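This report covers aromatic ring pairs and strand pairing in one structure. The sequence and coordinates come before the text.

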Amino acid sequence: METMESKKENVILPEDGEYTVEVTLEGGSGRAQITSPAELLIEDGEAYARIEWSSSHYDYMKVEEEMYLPVNEEGNSVFEIPVTVFDEPVEILAETTAMSRPHEVEYTLTFSSESISSAGGTGLPGGVVWAAALILAAAAAVCLVKKRKKES
């Protein structure tokens with residue numbers, strides 16, 4: 001496993017692959033939203049997130065003075081940006097054309113390291129999966145007991 005240096009602590013990144021991560025958006029007017037969890041790509045020990053806005057009116061995002069353009073041509077604006085820190089707000093700028101003239105809006109994104117999970121997962125919380133497994137095991141036990149009683 002690779003490690004990524006966080007400002008507070010080391011965050012252990014999973015092996016290269018596709019994951020999801022919970023991300024919180026703050027700032028702006030409060031009307032814009034992003035999809036969370038976001039797609040998280042780990043490649044050569046580096047993390048990248050696909051940020052999907054609730055609007056198609058975002059022309060670019062700036063992260064640490066680097067400009068990123070949308071990776072899609074239709075639908076809501078989607079950007080692939082590097083994730084350089086987890087569990088702390090990262091300041092970004094995003095230009096929107098939704099108002100009378102294009103302008104940059106200041107936001108922060110916070111990526112939760114504890115929420116990183118495999119993109120191929122069930123999408124259900126771990127407790128729900130365990131509860132379902134327990135119910136299935138109990139049902140199998142009941143069936144086995146009934147079968148044994150009939151054989152006696």
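Does Tyr 107 count as buried or exposed? The model is a predicted one. In it, Tyr 107 has 6% relative accessibility and counts as buried, because the cut-off for buried is under 20%. Trp 53 is buried too, with a relative accessible area of 1%.

**Aromatic pairs**

The structure contains four aromatic pairs. Two of them are listed here.

| Pair | Centre to centre | Angle between planes | Class |
|---|---|---|---|
| Trp 53 and Tyr 107 | 5.0 Å | 55° | tilted |
| Phe 86 and Phe 111 | 6.5 Å | 70° | edge-to-face |

Trp 53 sits in the loop between strand S6 (46-52) and strand S7 (58-63), while Tyr 107 belongs to strand S11 (residues 103-111), so their pair ties together parts 54 residues apart in sequence. Ring pairs also bring in Tyr 58, giving a cluster of Trp 53, Tyr 58 and Tyr 107.

The planes of Phe 86 and Phe 111 meet at 70°, which is over 60 degrees and therefore makes the pair edge-to-face. Distant parts of the chain are linked here as well: Phe 86 is in the loop between strand S9 (78-82) and strand S10 (90-96), Phe 111 is in strand S11, and the two are 25 residues apart. Both Phe 86 and Phe 111 are buried.

**Strand pairing**

Five strands form an open sheet with antiparallel pairing, in the order S9-S6-S5-S3-S12. S9 and strand S12 (117-118) are the edge strands, each pairing on one side only. S6 and S9 run antiparallel and are joined by five bridges. Ile 51 has Phe 79 in S9 as its bridge partner.

Methods: Residues are numbered from 1 along each chain as its sequence is written. This is a predicted model: local features need pLDDT of at least 70, side-chain atom pairs count only at pLDDT 80 or more; totals for chains, interfaces and linings use all residues. Side-chain values use heavy atoms; hydrogens and water are left out. Rings of Phe, Tyr and Trp (its six-membered ring) pair if their centres lie within 6.5 Å; planes under 30 degrees apart count as stacked, over 60 as edge-to-face and the rest as tilted. Helices (H or I, at least four residues) and strands (E, at least two) are DSSP runs, numbered from the N terminus. Buried means under 20% relative accessible area, exposed over 50%, partly exposed in between (1.4 Å probe, protein chains only). Two strands pair if DSSP finds at least two bridges between them.
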